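Student: Hi! I'm new to this one, could you walk me through it?
Tutor: Happy to, here it is.

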Amino acid sequence: MTRLQLIDISKQYPGVRANDRISLSVEPGQIHAVLGENGAGKSTLMKIIYGAVQPDEGRILWNGRPVAPRNPQEARALGVSMVFQHFSLFDTLTAAENVWLGLGRSLSLAQVVARIREVAGAYGLDIDPLRPVHTLSVGERQRIEIVRALLADPQLLILDEPTSVLTPQAVDKLFGTLRKLAATGCSILYISHKLDEIRALCHHCTVLRAGRVTGEVDPTRETNASLSRLMIGAEPPELRHDAPQPGEVRLAVRDLSLPRADQFGTSLSEVRLDVRAGEIVGVAGVSGNGQQELLAALSGEDPRAPRGSILLFDRDISRASPRKRRRAGLHFVPEERLGRGAVPTLSLAQNTLLTRTHTVGPLGWVRPGELRALAARLIERYGVKAAGPDAPARSLSGGNLQKFLVGREIDADPKVLIVSQPTWGVDVGASAQIRAALLALRDAGCAVLVVSEELDELFELADRLVVIAQGRLSPSMPVAQATVERVGEWMSGLWPNAAAPAEQRRTVDAHA
Amino acid sequence: MLTLEARPAPSRAMSVASPLIALAVTVVVGALLFSALGKDPVRGLQMFFYEPIKSGYALGELAVKAVPLALIALGLSLCFRSNVWNIGAEGQFIVGAIAGAGVAMTADATTGRWIVAAVLLAGMLGGLAWAGIVALLRDRFNANEILVSLMLVYVADMLLSYLVYGPWKDPKGYNFPQTITFLKATQVPRLFDGSRVNLGLPIALALVGLFWVFMFRTFAGFQQQVGGLAPLAARYAGFSSRRALWTALLVSGATAGLAGALEVAGPLGQLTPYVPVGYGFAAIIVAFVGRLHPVGVVFAAVLMSMFYIGGELAQSRLGLPKSLTGVFQGLLLFALLACDTLIHYRVRRRKAPAAAAPTSARALRAQGGA
């Protein structure tokens, strides 16, 4: 009997039809991928199955019987479990205590610990239930979430973009667990936009585009190109990546050590890095390994860097304000677009004022006409879909706002550009455009530093790669010599001559 | 069933209509309140909405109360837009009044009219210094500005009492806690005969224009607001949060102090323990009802002033308690906050959920698992 069947599910949100007559069926023991770009309606569909959102139309059949879960409790009672992209764990509690919180009072903590060990053993998930969550790596935290989901003995497990926070090795491990789970008859709905993963793991794939089903395929028989056609309606444009012609060192980081600013941060230790004119250097790493701290020190948002540790054109800028650095030619596109890269409620025109102050007249006079002209130019040149220069930043989709922000900095003709997660949450078309713009900038002689958690992106963009792990930076390797395995190993802090302190080893074990 | 549904974009029409709807709600609830108190609601509402505007003299009295409210609220608007929560404008108002009075008392028979400028300037500096304490403690020790500014209100109140009961007490004042009546030369010039409206009105209106220009046409004003709207964006851009803090507090302190000086050197003419009447707190409501916008503040100040006068009239003519003024102020703010929801949401009538009740989940699960 079919485990789950969705028939003509529709959901209308103000201004957007998130799901438009979507049908989908999942068999017992099947790993079923739901593939689509950001905004294709995947999350809404999963929330409907999980009872967090009610559909406007359509029916849900669960083991052949119509159901309408009104909330996640009802869905869980049916046997649906979900692992969210963002974990909901209390840092100060142990793994077992976190799991216990989500269960009823029927079990004692000791019983929960025993159950966790049992389930974890059965599926090859190694976690220590007695460790406090704040000491765990991201991969370990995800395993707790999975164990928590499995303790409910689900018939259907939903995983939302589960690999975005994992090293390649941890991904392999997760896949092993999922295959074992499927072999016991549990169905899995696997949400992702990563084509390779879906082809490697899933038995069946439903492709969504703009709220509609555009394909039902067997992913093992498809190519990345054919899947991508279904997902975005076209093949991703090829990027021209000419050989780099590196010039002089523009940005140099010399033995930068920085104690963490808060208890959840990461301390930087002895970071060394050169970025030359005409090259793109990529920084790979699992999130939370010091990327934020490094970027804040480079951009000037964190002005605590020791003197002499950050040099721009051989001039010490380690204590300079972001505005001084910008005047010297260093521009930065942060990871958070709304609230950091742009003020959500202000118009695009006003948002240019954050980093582009040449429009400010004498005596600090703001000239609205020039602001709007600048914004209009950026909108046109970078193909930003927006109502106009007066549209508030938050009215733009993630991809369009990112195009605007990257455009705002590129248009300033930077000598050094630092970009964090350039295409995070951005659809394929806009990603390609942003990457092409960065490559063009490089060819024009700018020094570019890209920090990203997506290895594919770094392989596509960068000329050299460095890896950040536990606040330390690896030596660089040319992209031509880099492999996923090697970078993955380095992500755990295991690069040649790396002094691996005890804490690092622990994380490595956890990932192994 | 009625449900709230998020709008795709905030409604512009609603952001204009919301204060009007709020006012209408206040009127309706007010009418019910009068009926419940056994008074004629029409006459009750007349006290609040007709009597204060029925003659030139009444309009003048309206302005006398609206000017200090608008001045303080202007400064607070800038403060709140910068995400600095100065709740102690009342204290800055008092210290401004004290400083103004201190200068006014130095006048003698030969003093020229220039003393008025000195009085007002002293008032501004007094309020500025009082708010400066808040800024200093916040900047240096990260002390919460809400608590510090509020507590300084009571310190200022004590300071005022000390002066009027002690060193500044009028020797010929029959031991009443009050200073001498200031000399004629120190009086803020009145605009018309037969009305108490004085120079404060054009000063306030000029400041409205000045604040508008600063907020919306200068880079400094832009930086100030970015710090309030998105602190991370301000840090990313490299705008100084310390400068924003100091600017916000010093400016709002100065406007509150100016209001205090205008009050003692204007309608009051002497310093008494009854100088503070809550303008500093009412101005918080004025700032929000006015949408933290200089022009909006003017309308809100006039409205709030009507409530003050209406409350007094209701007290004297209808025998209603004085707290009615506070009730009306609170009602308006409450209604406005509620109506503001409609800017981002709309009310939709929704069909009742489908009649087919979901089968018991547990029962299904038992079957499915079999």
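Tutor: One term to start: two residues are in contact if their C-beta atoms, placed from the backbone, lie within 7 Å. Also, this is a predicted model, where local features need pLDDT of at least 70, side-chain atom pairs count only at pLDDT 80 or more, and totals for chains, interfaces and linings use all residues. Residues are numbered from 1 along each chain as its sequence is written, and chains are lettered from A and ligands numbered from 1 in the order in which they are written.

Student: Thanks! What is chain B divided into?
Tutor: Domain 1 (1-37 + 323-352) and domain 2 (40-319), with bounds from an automatic or database domain assignment.

Student: How many residues of domain 1 of chain B are in contact with domain 2 of chain B?
Tutor: 13 residues of domain 1 of chain B, and they meet 13 residues of domain 2 of chain B.

Student: Which element gives the largest share of that domain 1 side?
Tutor: α13(B), with seven residues. Helices here (H or I, at least four residues) and strands (E, at least two) are DSSP runs, numbered from the N terminus.

Student: And how far apart are the centres of the two domains of chain B?
Tutor: Taken over C-alpha atoms, they are separated by 28 Å.

Student: New topic: how many residues does each chain bring to the contact between A and B?
Tutor: Chain A brings 35 residues and chain B brings 27 residues.

Student: Which element gives the most on the chain B side?
Tutor: That is α14(B), which supplies six residues to the side touching chain A.
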